[in-house]
Amino acid sequence: MTTEKTNAPAATGANEEDHLTGGSSHTVAQGTDARKRGICTPLDGALWLIRHGFPVFPCDHPRTPRCTGLHRTCDGSRGKHPTVAFTRAWTLDERRVYETFSRGYRNPAVAVGACSGPEGMRLLVVDSDRPGAIEDVAGAQGEQWPATMRVLTAKGHHDYLWVPARLKLGNGLGALHGQFDGDVRAGNAYVIGPGARHASGARYVLDDPERPPALAPAWLLDALVTRPHFEARRARWRDAPPPASGQASRSVRGLVAFVLDSRPGQRNNRLFWAACRAAEDGRQDARGALLEAAVQAGLDAREAAATIRSAYTRTGATA
């Protein structure tokens, strides 16, 4: 991975598939920023990434009639599902990037675990669900968040950082659980890259194409490798159903435990799967228990409720 400052590639015109038509002021502003930075299409973004050493692969694009991801059942998060086995099908080859991103709707994504930085360091991406979320965490600890490579997203931003290779980080928040409005991505993980289109219409945009990833601050690494305090409470929930579940059956308890064991990046998919199984069994009483478990696992209550409702609707088990 090179940290040499190079200019972002000019818009190629290839795959110039969409432009902003209305939408929120935030969405329109992001579209304007993308044009200023010369990354207006998924192809532009993919080229910028590989030219800066970030391996890419294609994901679903919200403009296709149906989800093109490899999964069996789409959870409704259009534009985010890999269309290839990303842990081995990523590329740094410009020819392959042109072939992939100039012939149809695909969003570029970064294979986080395949990235290599200075002295063999590995990539960590901090995903803030709102602007300034990680800065607030740093400030609460008397620290200052470093200036680093940042990709603006539909809701917040992705911050790219280098971490020592000896640290085997994953997607867990560690001691930041309950303190940080977002997730982290490391190891066998991926993030959507600049030039991609979100289902809301917003474009993923580089905040500053000249700024490389910074070294992750020590306080952040200490927090990520610290066991979260909710483990004991989660264990108690496995032994007894949450209050809203009432006299839940053993099968419902198993589904609740399945959701509680979710890690960032898999929570919504596991919740959807569990809700489908409950719906197929005709367990309307499982809704409350699954919702509480999802919130305990870190999902937003409104998002979790929508996922459960979608699962019950899909199976024809609506109340």
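**Group meeting: rings, strands and helices in a predicted model**

Let me start with a charge and a ring. Arginine 270 places its charged end over the ring of phenylalanine 258, 3.8 Å from the ring centre. Arginine 287 does likewise with tyrosine 312: it lies over the face of that ring, at 4.1 Å from the centre. Please keep in mind that this is a predicted model.

Now the overall picture. The chain has 319 residues, and 50% of them count as buried. Its secondary structure comes to eleven helices and nine strands. Take the contacts with a separation of 6 or more: residues 24 or more positions apart account for 74% of them.

Next, the open sheet. Three strands form it, in the order S1-S2-S7, with antiparallel pairing. Which strands are at the edge? S1 and S7 are, since each pairs on one side only. On average, neighbouring strands of this sheet are turned by 35° against each other, direction ignored.

Look at the pairing of S1 with S2. S2 covers residues 107–111, and four bridges join S1 to it, antiparallel.

Helix H2, residues 42–51, lies across S1 and S2 and runs at about 20° to S2. Helix H4, residues 94–101, also lies across S1 and S2, running at about 10° to S1.

Stay with this sheet and turn to the aromatics. How many aromatic pairs does the structure hold? Eight. One of them is phenylalanine 57 with tyrosine 190, edge-to-face, at 5.6 Å centre to centre and 80° between the planes. This pair links distant parts of the chain. Phenylalanine 57 is in strand S1, residues 56–59, and tyrosine 190 is in strand S7, residues 190–192; they are 133 residues apart.

Are these two residues buried or exposed? Phenylalanine 57 has a relative accessible area of 1%, so it counts as buried. Tyrosine 190 comes in at 24%, so it counts as partly exposed. The cut-off for buried is under 20%.

Tyrosine 190 has another partner. With phenylalanine 86 it forms an edge-to-face pair, at 4.9 Å centre to centre and 65° between the planes. This pair also links distant parts of the chain: phenylalanine 86 is in helix H3, residues 86–89, and tyrosine 190 is in strand S7, 104 residues apart. Phenylalanine 86 is buried, because its relative accessible area is 14%.

On to strand S6, residues 182–186. Why call S6 largely enclosed by the rest of the structure? Because five of its five residues are buried. In a regular strand the side chains alternate between the two faces of the sheet. In S6, both faces are covered. Gly182, Val184 and Ala186 are buried on one side. Asp183 and Arg185 are buried on the other.

What does S6 pair with? Strand S3, residues 122–128, is joined to S6 by five bridges, and the two run antiparallel. Within this pairing, valine 125 stands opposite arginine 185.

For contrast in setting, go to a loop. Alanine 147 is found between helix H5, 133–140, and strand S4, 150–152. Its relative accessible area is 57%, so alanine 147 counts as exposed. Where are its contacts? Leaving out residues up to four places away in sequence, alanine 147 touches Arg211 and Ala214. Aspartate 159 is twelve residues from alanine 147 in sequence, and the C-alpha to C-alpha distance is 9.1 Å.

Last, a helix pair. Helix H9, residues 267–280, packs with helix H10, residues 286–297. The angle is about 170°, and the axes are 11 Å apart. H9 is therefore roughly antiparallel to H10. Which residues meet there? H9 brings Arg267, Leu271, Ala274, Ala275 and Ala278. H10 brings Ala286, Leu290, Ala294 and Ala297.

One return to the opening. Arginine 270 is the residue whose charged end sits over phenylalanine 258, and arginine 287 lies over tyrosine 312. That is the tour.

Key
Residues numbered from 1 in each chain as written. Predicted model: local features only at pLDDT ≥ 70, side-chain atom pairs only at ≥ 80, totals over all residues. Heavy atoms only, no water. Phe/Tyr/Trp six-rings, centres within 6.5 Å; stacked < 30°, edge-to-face > 60°. Buried < 20%, exposed > 50% of the residue type's maximum accessible area, 1.4 Å probe, protein only. Lys NZ or Arg CZ within 6 Å of the ring centre and 35° of its normal. Pairing = 2+ DSSP bridges. Contact = heavy atoms within 4.5 Å. Axes fitted to C-alpha atoms, helices over the stretch in contact; angles between N-to-C directions. Parallel < 35°, antiparallel > 145°, perpendicular 65-115°, else oblique.
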